[in-house]
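The structure is shown first, and the description follows.

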Amino acid sequence: MTTERACRFGRAQHLIGIIGLPPAPAEEGRVGIVVLNAGMVHRVGPFRLHVELTRRLNACGYPSLRFDLSSIGDSGASNEPRSHEEQVRSDVADAINLLRQHAGCTRVILLGLCSGAQNAHVAACTESRVAGAIFLDGYAFRTFGFRIRHYLPRLLNAARWRRFLDRRMSPPEDDDSNIRFGVHYPPLSQVRRELAGMLERGLKLYFIYSGGISGHYNHPRQFRECYGRLAAHPGASTRLLKQADHTYVLETDRQLLFDTIETWLAGNFPTPARSSPP
Amino acid sequence: MNARPSPTQPCQFGTGGDLFGIYHAATGHPKRAVLLCPPLGQEMVRSHRIYRQLGDALALQGCAVLRFDYYGSGDSAGASNQLDWTRCVSDAVTAAAELRRRSGCDRLLGFGARLGGAIALESADDAGFAELLLWDPILDGSAHVARLDAMQDALWRDGDRFSQPRTAADAANQWLGFPIGPALKRQLGHWRAGPAKVPVALLDSQPPAPPGQPAGALDATIRRLQTAIAWDDLERLEHAVLSPELIRAVVDHVRGSA
């Protein structure tokens, strides 16, 4: 018998999601996991990543909800005159209400990949019931250190010089340094300020980067180069999974990601089974 | 007729509620019902949007529609490596019964893209489909297995995807992001389309197959689509498959055969 339940929910009954429950009944106040869409991929996630992850976390004792934001996947539009950010915040609020109703969760951890990380950031800025967030390939700004690590080896490579000169001879392509994987970035100063606000409110934040964005993030040290003192805050953690691609297409990389997330959760949000002595 | 379809209904059915589905209720009393059998693996993820659009479009035409995920795929129960050909075929039969129960329609049309088309074909007798509509269906399992193996081999060597070299062992027993059990590969490798007992219409966006391909065994009416879908292009592995032309063709077909 499955422990998952398909739901239609939300302020306009327009959202579709799957609640996952732990094998043992969760007590009131348990922290839950809310998984947001990665780009336009529906709630199962790239290569079913969200399904495998939420089921594994359910087995560890965390209730979960993977759902489609307004107008993505199977969800409809709410038909409200709202900005994208307001829409995301309202959708996440609806998701938390549902998780509370079904699993008694009063606090949640948001998880998202790429644009999902950006949406998790937007919601975590203002939603008081968010206790933490896991950002997969979230905001990563190129730093001086990044450029040294990225370009120096290339300066010494003759084949790369040839390709560079070929490109110079070709018509220029549009370049917008604030766009990554089709996601528009706010200024670094704004992101820093918002992350500082989250940490001051006591949120635990985990930034996991993949080798798939090596054109934007290429060393664990870059996190400190980007975010300065925030990087040393006890509520912030980071990890670079250099061998993985952006969407974790290989099974071995997905398993490493799941292990990484599970370990962080166990350290920061232990479930009763994990926190009690054996 | 209303401009908007009725809200869809997420549902769980089959033994223990193991199968996940989305039911599109018809606008008004359903004239007929259509079961949308999804492809497998990454083609299922890529096709999700167009299956939803198709469900909405058919519901507006007065059809009841059920979309669903096989055991071991999508939101249905089961791990990805438990996906099994025989189980997929029996899940299609279970989904057909669920669609009859919900819609009250006895006459069903089965639709499927790629391996979803193969599953619709294979389950046609037991599901009791009155007619089949297949979009770029896989008709030769062994050729498809060879294509998937070749694409998987190219995937782990892709320097644009991976910043560090990967090995064949990292990519073993998987097809394009999904683990596969040995049974599925063997089952697919032995499967080849045979004649169907019900009328089959084939919506074909691919280049013409060479003579002797199993499409001939189907005795299907064929409609060529102008928009070729790049199903086997690794560079488009994570791109959604969209085709307004396909939706129009399916709606026209259903309207014409009502």
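## Interface, salt bridges and cores

R161(B) counts as buried, because its relative accessibility is 15%. The model to which this value belongs is a predicted one. R161(B) is placed in the loop that runs between α4 (141–156) and β7 (174–175) of chain B. Its side chain makes a polar contact with the side chain of D245(A), at 2.4 Å. Leaving aside neighbours within four places in sequence, R161(B) is in contact with G212(A), D245(A), T247(A) and V249(A) from chain A, and with L155(B), L237(B) and E238(B) from chain B.

**The contact between the chains**

The size of an interface is often given as the accessible area lost when the parts come together. Between chain A and chain B the buried area is about 3000 Å², and carbon and sulfur atoms give 49% of this area. In chain A, the residues that lose the most area to chain B are F47(A), R48(A) and L250(A), which together account for 21% of what that side buries. Chain A brings 40 residues to the contact, and chain B brings 41 residues.

In polar terms, 28 residue pairs are in polar contact between chain A and chain B, with both residues at pLDDT 80 or more. On the side of chain A that touches chain B, the elements giving two or more residues are β1 (4–9), β2 (15–20), α1 (49–59) and α8 (251–268). Strand β1(A) gives the most to this side, with 5 residues. By residue class, the side of chain A that touches chain B comprises 13 nonpolar, 13 polar and 14 charged residues.

**Salt bridges**

How many salt bridges are there between chain A and chain B? The count is 5, while the count over all chains comes to 37 salt bridges.

| Residue | Partner | Closest N and O atoms |
|---|---|---|
| R43(A) | D75(B) | 2.7 Å |
| D74(A) | R67(B) | 2.8 Å |
| R157(B) | D153(B) | 3.3 Å |

The salt bridge of R43(A) with D75(B) has its closest N and O atoms 2.7 Å apart. This pair crosses between chains: R43(A) lies in the loop between β3 (31–35) and α1 of chain A, and D75(B) lies in the loop between β4 (63–68) and α2 (85–103) of chain B. Both R43(A) and D75(B) are buried.

The salt bridge of D74(A) with R67(B) is formed at 2.8 Å between the closest N and O atoms. This pair also crosses between chains, from D74(A) in the loop between β4 (64–67) and α2 (84–103) of chain A to R67(B) in strand β4 of chain B. D74(A) counts as buried because its relative accessibility is 4%, and R67(B) is buried because its relative accessible area is 6%.

Which residues are linked with these two pairs in a network of salt bridges? The network consists of E4(A), R43(A), R55(A), R66(A), D68(A), D74(A), R67(B) and D75(B).

The salt bridge of R157(B) with D153(B) joins two residues of chain B. R157(B) is exposed, since its relative accessible area is 55%, and D153(B) counts as partly exposed at 34% relative accessibility.

The largest nonpolar core has 62 residues, of which L35(B), W85(B), L121(B) and L132(B) touch the most other members. Another core lies apart from it and has 49 residues, among them I19(A), V122(A), A124(A) and F135(A). Beyond four places in sequence, the contacts of L132(B) include G110(B), A120(B), L121(B), A124(B) and V198(B).

F129(B) is located in strand β6 (residues 129–135) of chain B. Why does F129(B) count as buried? Its relative accessibility is 3%, and buried means under 20%. Among its contacts beyond four places in sequence are L35(B), A96(B), L108(B), S123(B) and V198(B). F129(B) and F111(B) are 18 residues apart in sequence, with a C-alpha to C-alpha distance of 9.7 Å.

In chain A, H14(A) is found in the loop between β1 and β2. H14(A) counts as buried at 4% relative accessibility. Beyond four places in sequence, H14(A) is in contact with residues including R8(A), F9(A), S70(A), D91(A) and D94(A).

Technical notes
Residues are numbered from 1 along each chain as its sequence is written. Chains are lettered from A and ligands numbered from 1 in the order in which they are written. This is a predicted model: local features need pLDDT of at least 70, side-chain atom pairs count only at pLDDT 80 or more; totals for chains, interfaces and linings use all residues. Side-chain values use heavy atoms; hydrogens and water are left out. Contact means heavy atoms within 4.5 Å. Buried area is the accessible area (1.4 Å probe) that two parts lose on being put together, summed over both. A salt bridge is a side-chain nitrogen of Lys or Arg within 4 Å of a carboxyl oxygen of Asp or Glu. A polar contact is a pair of N or O atoms within 3.5 Å; within protein, one must be able to donate a hydrogen and the other to accept it, and residues adjacent in sequence count only if both atoms are side-chain atoms. Helices (H or I, at least four residues) and strands (E, at least two) are DSSP runs, numbered from the N terminus. Ala, Val, Leu, Ile, Met, Phe, Trp, Tyr, Cys and Pro count as nonpolar, Asp, Glu, Lys and Arg as charged, and the others, Gly among them, as polar. A nonpolar core is a set of buried Ala, Val, Leu, Ile, Met, Phe, Trp, Tyr and Cys residues joined through side-chain atoms within 4.5 Å. Buried means under 20% relative accessible area, exposed over 50%, partly exposed in between (1.4 Å probe, protein chains only).
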